[in-house]
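This report covers a helix pair, a single helix and a few loop residues. Please keep the structure open while reading.

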Amino acid sequence: MNALAATSRNFRSAARLLGLDSKIEKSLLIPFREIKVECTIPKDDGSLVSYVGFRVQHDNARGPMKGGIRYHPEVDPDEVNALAQLMTWKTAVADIPYGGAKGGIGCNPGELSKSELERLTRVFTQKIHDLIGIHTDVPAPDMGTNAQTMAWILDEYSKFHGHSPAVVTGKPIDLGGSLGREAATGRGVVFATEALLAEYGKSVKDLRFVIQGFGNVGSWAARLIHESGGKIVAISDISGAIKNPNGIDIPELLKHKESTGSLLNFAGGDAMDPAELLVHECDVLIPCALGGVLNRENAASVKAKFIVEAANHPTDPEADEILSKKGVVILPDIYANAGGVTVSYFEWVQNIQGFMWDEDKVNDELKRYMTRAFHNIKGMCKTHDCNLRMGAFTLGVNRVARATLLRGWEA
């Protein structure tokens, strides 16, 4: 099931549990605005090339819309629509005053030079500058984009609207980016995991973890779990997978990956089949890479007692049912990976106030938001007698529905 179908299905289940009226249900699903623009740029050799850029602005009942911009050859309108909708529920679950958006350009950033990427970003910004803004829609980096991309958007936007650091988040620190932003999603995953384990009288210390993905989110989660005394017994990324029943030395693995670009041939672990990773013996499984990795083929073989969804949509609905029947507790993506957007919110707040925080304050506030959101989700689980995924969806959807009704938009 693709991301849009799965998100819509979860939304409809939540709407039924909440007893939402069909009119408001329909108005919550339909995006506020969909933007599609043509971006034509000269390449370095002088030839002209066109790319299609778009932005789906899903909902602004609770505040400005918020979401990433991805540069990828398969930027697909359906997927972007699903991710924009997911951002609406995610910001509501975290209780930050935003709605959801998502966007992108259908291009292969690896085939473009830095100057071509800059020209493309600036043309895209020129086309959408009057539809984004500090109190309208605040983009952030996503797949294929980074802090530099945000710096170009900020600069181009400021040519039209004056100095506006709060128009994007995930910026370089030198242009008003927040300390702690780089580690935020991974750190949020660990705070979410701690909140979940505390419910069961457990802590990160001495539990066995398996992490799929060793990019930004996976590597930060691994580093922080290792620091807290958790044992990471297997880990994988695009280059392969390694295991060590006594726990992998994460600082050493980070050094190894930096020098070789790969996890393979690491002295502190044995190579394993990446397909075996998800069903490896452990207490907590953290998928941090792609969507749809837990499906009906492998769900029955999963040995973890807890799954923390650091990736977007890693568990297919069919796998969800199989795992629930086995008694596996799943912490859903719309809560577990909300650390990134929460610290983006802190960055926006700092930019608007013109007053920057130190890193300890950022991390303390992140912990407060993640812990509070977990307790709010548990409250919805009790009210509606449902699992954590439905607890999170009912929490998010209910907050957006309430804001919509209070504004008088339901007609």
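A crossing is left-handed if the near helix is turned anticlockwise from the far one by less than a right angle, and right-handed if clockwise.

## Basis

This is a predicted model, in which local features need pLDDT of at least 70, side-chain atom pairs count only at pLDDT 80 or more, and totals for chains, interfaces and linings use all residues. Residues are numbered from 1 along each chain as its sequence is written, and side-chain values use heavy atoms, with hydrogens and water left out.

Helices (H or I, at least four residues) and strands (E, at least two) are DSSP runs, numbered from the N terminus.

## The α4–α5 pair

Two packed helices are described by the angle between their axes and the distance between the axes. Here the pair is α4 (residues 114-128) and α5 (residues 147-161). Their axes come within 9 Å and cross at roughly 45°. The crossing of α4 past α5 is right-handed. Axes are lines fitted to C-alpha atoms, for helices over the stretch in contact, and angles run from 0 to 180 degrees between N-to-C directions.

Contact means heavy atoms within 4.5 Å. On the α4 side, the contact is made by K114, L117, E118, T121, R122, T125 and Q126. The α5 residues include W152, I153, Y157 and F160. The residues of this contact divide into five nonpolar, five polar and six charged. Asp, Glu, Lys and Arg count as charged; Ala, Val, Leu, Ile, Met, Phe, Trp, Tyr, Cys and Pro as nonpolar; the others, Gly among them, as polar.

## H129

H129 sits in the loop between α4 and β5 (137-141). Its relative accessibility is 14%, so H129 counts as buried. Buried means under 20% relative accessible area, exposed over 50%, partly exposed in between (1.4 Å probe, protein chains only). Leaving aside neighbours within four places in sequence, H129 contacts Y157, F160 and H161.

## Helix α12

How far apart are the end C-alpha atoms of α12 (residues 339-353)? They are 21 Å apart, which agrees with the 21 Å that its 15 residues should span at 1.5 Å a residue. The expected span is 1.5 Å times one less than the number of residues.

Of the 15 residues in α12, 13 are buried. Just after α12, G354 takes a positive phi of about 65°.

## Positive phi outside glycine

N265 has a positive phi near 60° and is not a glycine. N265 lies in the loop between α8 (250-260) and β9 (270-272). Its relative accessible area is 78%, so N265 is exposed.

D385 is not a glycine either, yet its phi is positive, about 50°. The loop between α13 (359-384) and α14 (388-407) holds D385. D385 counts as exposed, at 72% relative accessibility.
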